[in-house]
Amino acid sequence: PIEKSHQPGTGSWDVLPNLTYLAKYKAIGVNVNLSYMITTEDKHGFKNSNRWNANVSVYKEFMKGKFAVYPSLGLYYEQAGMTNYQGSNLEKSGGNLILAHGGLDFYYRKFSLSTAFHLPTLQKLNGAQPHMNYRFIVGLSYVINT
């Protein structure tokens, strides 16, 4: 059978409280995010671990008419406890990860394209887990309200 972590969806209800702080002075800004995922057990007794995520990034705004570009640099921290199956912790789960962040966001009118590259700089994982190589993230957004 395929491992639970390689299947789409968790089969559980999860809560994700998030706290964001954004400060800007002229064209320079800082963004700080904290989130904590609280997971529940699925119908088979499998419970993904609760997780902390924290990140801070500094960005610069470049505007020309209705077009804006925001390059950013920062650090991301992720911490996960051990996954649990039918009351027992899975030894090869959980750990800590610090990633270096580089991003470039583009805005035109109500559209935005966000790109980010995350490079792991420190990984301390429990047991024999595959180490992360890198992440590349792309997002496209449209603003409905004005």
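**Group meeting: strands, turns and a nonpolar patch**

Leu-140 lies in strand S11; strands here are DSSP E runs of at least two residues, and they are numbered from the N terminus. This is a predicted model, in which local features need pLDDT of at least 70 and side-chain atom pairs count only at pLDDT 80 or more, while totals for chains, interfaces and linings use all residues. Residues are numbered from 1 along each chain as its sequence is written, and side-chain values use heavy atoms, with hydrogens and water left out.

Leu-140 is exposed, at a relative accessible area of 69%. Exposed means over 50%, buried under 20%, and partly exposed in between, with a 1.4 Å probe and protein chains only. Leu-140 belongs to a nonpolar surface patch of about 720 Å², together with Leu-113, Phe-117, Leu-119, Tyr-134, Phe-136 and Val-138. For a nonpolar patch, the side chains (Val, Leu, Ile, Met, Phe, Trp, Tyr) are joined within 5 Å, and each residue has over 30% relative accessible area and no salt bridge. A salt bridge would be a side-chain nitrogen of Lys or Arg within 4 Å of a carboxyl oxygen of Asp or Glu. The areas are Shrake-Rupley values with a 1.4 Å probe. S10 and S11 (135-142) each supply at least two of the patch residues.

Next, the pairing. S10 (residues 111-125) runs antiparallel to S9, with 14 bridges joining them; two strands pair if DSSP finds at least two bridges between them. Leu-104 has Thr-115 in S10 as its bridge partner. S9 and S10 form a hairpin with 2 residues between them, and Arg-109 in the turn has a positive phi of about 55°. S9 (residues 95-108) also pairs with S6 (residues 67-80), antiparallel over 14 bridges. There, Tyr-70 is bridged to Asp-105 in S9.

Last, the loops. Most residues other than glycine have a negative phi. Lys-26, not a glycine, has a positive phi of about 55° and sits in the loop between S1 (18-25) and S2 (28-37). Lys-26 is exposed, at 65%. Gln-86 has a positive phi near 50°, lies between S7 (84-85) and S8 (88-89), and is exposed at 56%.

Notes: Helix = DSSP H or I, 4+ residues; strand = E, 2+ residues; numbered from the N terminus. Patch = residues over 30% accessible without salt bridge, like charges linked within 9 Å, V, L, I, M, F, W, Y side chains within 5 Å.
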